[in-house]
Amino acid sequence: MRANVFFKTYIRQSWRSLLLALLVGVAAFAFVARAVEYIVVRDEIARIEGFYRSIGFLQHPDWIPATMGEAVEIIAQSPYLHFYETGPAVQGVLPEGMLNADYFMSGTIAFFDSYGVQHTYDHRGTTYFYATVTRLGADIRVDVENVITGHPQVIRNGSNMPIVPPEDAPEMSLEIGQMYFFRALSTLEGTFMRPNGRQPMYIQPLNYTRAAVDGPIWYLPAAQTAGMAWLADEVELLNINHRGLSLTGAQDVSAMPRFQAAANDHLLVEGRLPDLQDHLEANPVIAIHADLAIEHGLELGDSLALTLRNTLNTRFHGILHHLQQPDWQELSTEVVEFTLVGFFRESARWGPVGTIYRSMAYIPQSVLPEGFGDNTMLYLGNYSFVLDSPRNEAAFMAEVREPLQALGFNIVIFPTTAQNFFDAADPILQSAAINVVIFAVVSVMIIALAVFIYLRQNKRNIAIYRALGGPVKTTAAKNLFVLTVFWLPIIVLGALAGRFFALFQANRNLSPALMDYTTEIASMPLTWLAIIGGGFVLLVLLATVAGIWQTARRPVLEMLQEGKARK
């Protein structure tokens, strides 16, 4: 293999060669530094901007507007929409023996059947239990022997409590010392803080779901309850409701209106809420009420297996009602194991609402099995939307306000301080972009100058090599090899130095302007450095190859004469 004369020549010109290599290294430093700075600033601003979300909802005089579907479609067609929520809900049943902590409500909630008749959900405070009669007369009292289903805040084994028959019920033929099976409802005398076992229990029919058809059965002797299928079904339904949670699925629970600080509705007290990333990755995570977690000793990171039931509409806190869902035993179910990621509470502004929020929970919508939640009723309370950027809020409102108002809707978007952030961040990004353009041009000029100087210094050597029979390709390859060996390490060092300098500069520039928005230190993966540095090396190679090839192809005599003329 012949020696590379150009390599030896470059080494002999040590000082000039070193200065030339340093010139290329400076170009690499400048280009990489400004490119990295721009990428870091751009990514940091985009990341922080993601915390500012234009979250909106609709208002209407009717809770379930007849034109709700039309309003949703108007918003869905907007190019500024990121996504919207319809809040599909299903029932999630806790494991056997684990109750939902929802045992008292100040007031009632109800639904209307297909005949327009109102029915109340009265599972709270209701229980099935065996008890021995200890007193008869105006004040009937019993000793609770065995609670089949019921919250411990309402009834416990060993309690001695009064029971109150309905006014329209026939006289109850009870005997002191005998054990009977009852279904009863406790009102907790208006407070869920009253000690256990002291509140009266109001007797309900054992055949609660069939009483209107078959006539009420107010109690049964304990010995007669075995083998009664209808009674087992009644007990199972109530037990499921005692363990039921209302699971609301959302693409981004953290963007739901009820969890926004301005709404003062639901408050996150620990952990986090399921977010859009959880939805996209179908992560089985869940946020539950803090009091439910406390009651069962649950902590963040714990697993919670729930039996999902595809109910008609469980927006009323996971409750099954036999009139609303008479085929509840035939509904599809699927067990899903969730990981607890957050605990929430209701805001104090709601006042004494009882325990109704304790049976509410929130999960990523994508975790719901196929077809589950499809029957959830669409109304004002479960619809919301998120825009792609607060920058487009004004354009979005101008687009949809009039057609929505024509349907009787008012559109509300939660206020943010996004504009303050934009005012601080945009000038920084613009400045970084201008720097990239300027230093890119300067770097190209430096590279062209370095290649020009190298070729000018070695033109005579190239001419002599060509005169001695060296092919054009070999001449170009040997010169390219020289520059690669001596320039590439300097370029790598310059690029690394540029990256570190750019990160330092980016953090220094971002911190004062954006200190109210982030405490994180800006960084950039080495992958980006490889891409930017690789691009610079490619630029150098292209310039070098073009210059060397053009020089090597020139007539030998012409190059020798130019060298002689300079002398």
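Two residues are in contact here when they have heavy atoms within 4.5 Å of each other. Keep that cut-off handy for the exercises below, and remember that the model is predicted.

**Exercise 1. Get the overall picture of the chain: how many helices and strands are there, and what percentage of the residues is buried?**

Solution. Start with secondary structure: the chain has 12 helices and 19 strands. Next, burial: of its 567 residues, 49% are buried. Then look at the contacts between residues at least 6 apart in sequence; 79% of these join residues at least 24 apart.

**Exercise 2. Find the largest nonpolar core and say which element gives the largest share of it.**

Solution. As background, nonpolar side chains in soluble globular proteins tend to be buried together. In this model, the largest such core holds 24 residues. Inside it, the residues with the most contacts are Leu247, Ile286, Ile288, Leu306, Leu308 and Phe338.

Now sort by element. Two or more residues each come from strands E12 (244–250), E14 (285–289), E15 (303–309), E16 (333–346) and E17 (360–364), plus helix H7 (290–296). Strand E16 gives the largest share, 4 residues.

Zoom in on Phe338. Skip its neighbours within four places in sequence, and its contacts are Pro284, Val285, Ile286, Asp302, Ser303, Leu304, Leu306, Leu308, Ile363 and Val367. Apart from this core there is another one, with 22 residues including Met161, Met172, Tyr180 and Trp218.

**Exercise 3. Work out which residues of helix H3 are buried, and what covers them.**

Solution. Helix H3 spans residues 68–76, and its buried residues are Met68, Ala71, Val72 and Ile75. Look down the axis of H3: these residues fall within an arc of 100°, so they line one face of the helix. The cover over them includes strands E1 (55–59), E2 (81–85), E18 (384–387) and E19 (410–413), along with helix H8 (393–406).

**Exercise 4. Is Phe422 buried or exposed, and which residues does it touch?**

Solution. First place the residue: Phe422 sits in helix H9 (residues 418–467). Its relative accessible area is 3%, and the cut-off for buried is under 20%, so Phe422 is buried.

Then list the contacts, leaving out neighbours within four places in sequence: Glu49, Pro390, Arg391 and Pro427.

**Exercise 5. Pick through the salt bridges and compare how accessible the partners are.**

Solution. The whole structure has 13 salt bridges. Take these pairs in turn.

- Arg243 and Glu96 meet at 3.4 Å, N to O. The pair links distant parts of the chain, 147 residues apart: Arg243 is in helix H5 (residues 229–243), and Glu96 is in the loop between strands E3 (89–93) and E4 (110–112). Arg243 is buried, at 10% relative accessibility, whereas Glu96 is exposed, at 60%.
- Arg272 and Asp278 have their closest N and O atoms 2.6 Å apart. Arg272 is partly exposed at 32% relative accessibility, but Asp278 is buried at 3%.
- Arg135 and Asp139 have their closest N and O atoms 2.9 Å apart. Here Arg135 is partly exposed at 42% relative accessibility, and Asp139 is partly exposed at 30%.

**Exercise 6. Contrast Thr126 with Leu488: which class of accessibility does each fall into?**

Solution. Thr126 first. It is found in strand E6 (residues 126–135), and at 1% relative accessibility it counts as buried. Beyond its neighbours within four places in sequence, Thr126 is in contact with Thr149, Gly150, Arg183, Ala184, Leu185, Gln204, Leu238 and His242.

Now Leu488, which lies in helix H10 (residues 472–514). Its relative accessibility is 35%, so Leu488 counts as partly exposed. To finish, check its surroundings on the surface: Leu488 forms a nonpolar patch with Val492, Leu493, Leu496 and Phe500, and together they have about 450 Å² of accessible area.

Conventions
Residues numbered from 1 in each chain as written. Predicted model: local features only at pLDDT ≥ 70, side-chain atom pairs only at ≥ 80, totals over all residues. Heavy atoms only, no water. Buried < 20%, exposed > 50% of the residue type's maximum accessible area, 1.4 Å probe, protein only. Arc of directions from axis to C-beta. Patch = residues over 30% accessible without salt bridge, like charges linked within 9 Å, V, L, I, M, F, W, Y side chains within 5 Å. Areas by Shrake-Rupley, 256 points an atom, 1.4 Å probe, with all protein chains shown as cover. Salt bridge = Lys/Arg side-chain N within 4 Å of Asp/Glu carboxyl O. Core = buried A, V, L, I, M, F, W, Y, C linked by side-chain atoms within 4.5 Å.
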